[in-house]
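Here is a short tour for anyone meeting this structure for the first time. Have a look at it, and then we'll walk through it piece by piece.

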Amino acid sequence: MSSRLARRRRGPWRSRLRPRDVLATGTVGIRTRRARSAFTALGIAIGIASMVAVMGISSSSKADLLAELDLLGTNLLQIQPGQNTFGEAATMSPDAPSMIRRIGPVQSASSIAAVNATVQRSDVVPSSTKNGIQLLATEVNLTETLGASAAAGRLHDEASIQLPTVVLGAVAAERLGVDDVSNGPRVFIGGRWFDVIGILEPLRLNPDIDRAALIGLETARTVFGVEALPSTIYVRTTPAQVEAVRDVLARTASPGSPNEVQVSRPSDALAARAEVDENLQNLLLGLGGVALLVGGVGIANVMVISVLERRAEIGVRRALGATRAHIRNQFVVESTVLSLLGGILGVTLGFVVTTVYARRQGWLVDLPIQGLVFGVLAALLIGAFAGLYPAVRAARLDPAEAVRPAA
Amino acid sequence: MKTPSVIPIVDTVLELVDVVREYEGEPPVRAIDGVSLRIDRGELVAIAGPSGSGKSTLLNLVGTLDRPTSGRVLIDDVDTSELTDNALAGLRAARLGFVFQQFHLLAGMTAVDNVAAGLLYRGESLRSRRARSKHALARVGLDHRLGHTPNTLSGGERQRVAIARALVGEPAIVLADEPTGNLDSKTSAEIVDLLHGLHEEGSTIVVITHDQEIAAGLPRQVVVRDGRIESDSALVESSLSGVGR
């Protein structure tokens with residue numbers, strides 16, 4: 001037999017299938033079994049959609065965080081007293097802000113000092129009722145350093161900061177039930193009435209300010225008779241010199257014991273969130289990958305069944321002159337097209353999910369084009385790969401056996 | 001029927017020489033046991049025999065869907081045992097037409113496209129395939145059913161579509177395996193009439209059947225039993241008349 005095989009000729013006749021007909025033949029099975037094809041493609045679509053959505057959502061969230069960081073600036077530093085070598089709370093000198101302002105690249109520096117007094121809605125609320133609002137004595141330029149703006153009313157100026165007036169952080173105002181300053185609301189602070197002159201917009205980088213009531217340092221001294229020491233100093237630098245300023249800040253704020261103060265950058269916390277999201281993204285991408293794999297196995301499974309069901313068709317096609325390669329290609333094309341349809345549906349779904357979710361979160365929609373290309377390519381490869389084994393089985397069917405009526 | 005002129009022109013389409021087909025096993029099963037047969041262009045031949053006689057195996061060998069264990073199958077004077085698998089596929093596309101007992105039409109496709117599929121693996125354009133398909137459907141009397149799918153056609157109509165598919169490429173031989181096996185007697189008779197008509201138009205047709213009556217109605221009968229040719233009416237005639245075909 002083998003010596004005979006070697007002598008076999010190509011003969012005078014050729015079996016040929018036009019490229020167009022390769023595609024048409026490969027999609028016959030899809031066109032005549034629509035419901036099954038739709039469900040099979042859906043498996044791939046879900047996998048692709050989840051991966052595209054994960055990429056899109058995390059990329060949108062990251063883009064939004066970065067855009068916000070750009071807006072807020074990464075040039076805000078803060079200094080807080082830590083502990084001295086004996087484990088006692090350290091303090092900073094009241095002169096520290098003015099010394100920091102002498103550093104060249106510092107645009108502005110401003111301190112806050114915690115004042116031990118309760119902030120209440122009125123004098124009838126028992127003073128034991130806690131509302132978590134911190135009273136802070138501030139310099140007039142605090143809002144400038146933080147880049148804060150007024151949601152209602154106005155900010156402290158040189159005049160108002162000398163008077164018993166208060167500016168409320170966004171959360172503090174809400175807790176005190178103040179949402180409007182036009183009717184001259186007052187709050188009861190440490191046994192005295194203060195006029196509320198303004199409410200701040202929420203501060204993304206300084207949520208502790210949101211929960212505070214701000215009065216002037218001078219007022220704190222005259223009204224409460226306390227000499228408040230700075231509890232935090234905020235420093236705004238020129239953007240290019242942040243690291244240089246950071247290096248000298250501790251020594252400037254506390255020349256005697258630089259180890260006792262802590263310098264940090266509030267925007268780092270926000271930037272870290274983008275990194276955390278990356279880990280979550282990888283996990284979700286992995287899950288999407290598993291869904292995709294299951295979809296691929298589903299396609300392979302359906303193709304194997306399809307080949308069994310279509311024995312007669314395969315036999316007839318062989319009798320009509322199809323070569324083994326024609327049969328194999330038919331099934332590979334079918335599974336590839338099926339998967340590709342799923343991929344296109346999946347990318348579309350993923351895009352829609354990303355857009356809807358990002359819009360709801362108020363984010364920018366940012367879907368990397370690579371994600372879409374990846375989705376379609378992945379579907380293409382999975383389809384071709386999943387179809388290969390069933391297709392080879394189909395091509396190997398004995399045509400004489402295949403056209404015989406099923407027993 | 002063609003009447004031979006002075007010199008009979010013998011144009012052999014199919015020739016089997018000592019064909020043996022053995023299936024592996026203990027002991028090996030010899031389904032075809034040394035068959036030699038010649039069929040000329042324009043013949044309408046019945047290959048008859050009870051089930052298990054080997055006639056289906058014979059059809060598969062003639063149709064190149066199967067290869068003989070030994071011996072030769074020649075189609076258009078080409079020895080098929082020398083051809084590669086792909087060359088045999090090409091041979092089937094160009095020179096053979098098949099009709100099956102179960103019709104084996106492609107579901108969901110119209111009659112025109114089913115018949116056009118008979119030309120699919122010749123690399124012809126869809127337009128030309130459809131044009132020839134319509135012509136072939138007209139030949140089998142189905143030009144009023146062009147757009148129908150198999151499930152909207154009767155059994156007889158389905159078999160006519162299958163016959164049109166076998167004919168559409170003007171093959172050297174049409175091989176029909178129990179073409180009336182799934183049809184009632186009235187429809188069977190119509191299909192046999194159709195085969196006679198096509199034969200008169202010049203087609204070479206080999207009909208495999210276990211039905212004695214149908215076999216008897218055809219011009220030549222080859223009876224197969226236990227893998228051997230038991231009788232061949234052409235040989236009987238020639239031996240009686242003493243004239244070589």
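In which sense do strand E9 (residues 220–225) and E10 of chain B pair, and over how many bridges? They pair in the antiparallel sense, over four bridges.

## Before we start

This is a predicted model: local features need pLDDT of at least 70, side-chain atom pairs count only at pLDDT 80 or more, and totals for chains, interfaces and linings use all residues. Residues are numbered from 1 along each chain as its sequence is written, while chains are lettered from A and ligands numbered from 1 in the order in which they are written.

Helices (H or I, at least four residues) and strands (E, at least two) are DSSP runs, numbered from the N terminus. Two strands count as paired if DSSP finds at least two bridges between them.

## The six-stranded sheet of chain B

B:Val223 has B:Ser231 in E10(B) as its bridge partner. Both strands belong to an open sheet of six, ordered E6-E7-E8-E3-E9-E10 (chain B), with mixed pairing. At the edges stand E6 (96–99) and E10 (228–232) of chain B, each with a single partner strand, so one side of each is left without a neighbour in the sheet. From one strand to the next, the twist averages 20°.

Helix H5 (residues 155–167) of chain B packs on this sheet, where it touches E6 and strand E7 (173–177) of chain B. The direction of H5(B) makes about 170° with that of E6(B). (Axes are lines fitted to C-alpha atoms, for helices over the stretch in contact, and angles run from 0 to 180 degrees between N-to-C directions. Two residues are in contact if their C-beta atoms, placed from the backbone, lie within 7 Å.)

## The four-stranded sheet of chain B

Chain B also has an open sheet of four strands, in the order E2-E1-E4-E5, and here the pairing is antiparallel. Strand E2 (29–40) and E5 of chain B are at the edges with a single partner strand each, so one side of each has no neighbour in the sheet.

Inside this sheet, E1 (residues 12–23) and E4 (residues 70–75) of chain B pair over five bridges, with B:Leu14 partnered by B:Ile75 in E4(B). B:Ile75 also stands opposite B:Val78 in E5(B). E4(B) and strand E5 (residues 78–79) of chain B are joined by two bridges. Their hairpin has two residues between the strands, and B:Asp76 there takes a positive phi near 55°. Helix H1 (residues 55–62) of chain B lies across E1, E2 and E4 of chain B, running at about 55° to E2(B).

## Where the chains meet

How many residues of chain B are in contact with chain A? There are 33, and they meet 31 residues of chain A. Helix H2 (residues 85–95) of chain B gives the largest share of the chain B side, ten residues. By class, that side has 15 nonpolar, twelve polar and six charged residues. (Ala, Val, Leu, Ile, Met, Phe, Trp, Tyr, Cys and Pro count as nonpolar, Asp, Glu, Lys and Arg as charged, and the others, Gly among them, as polar.)

Helix H11 (residues 311–319) of chain A is mostly covered, with eight of its nine residues buried. (Buried means that 20 or more other C-beta atoms lie within 10 Å of a residue's own; with 12 or fewer it is exposed, and in between partly exposed, with C-beta atoms placed from the backbone.) The buried residues of H11(A), including A:Ile314 and A:Arg317, pack against H12 (324–361), H13 (369–396) and H14 (399–402) of chain A together with H2 and E6 of chain B. After H11(A) comes A:Gly321, with a positive phi near 115°.

## A hairpin in chain A

A:Ile189 is the bridge partner of A:Val119, in the antiparallel pairing of E3 (residues 119–120) of chain A with E7(A). Four bridges join E7(A) to the antiparallel strand E8 (residues 192–200) of chain A, where A:Trp193 stands opposite A:Phe188. In the hairpin of E7(A) and E8(A), A:Gly190 takes a positive phi near 50°.
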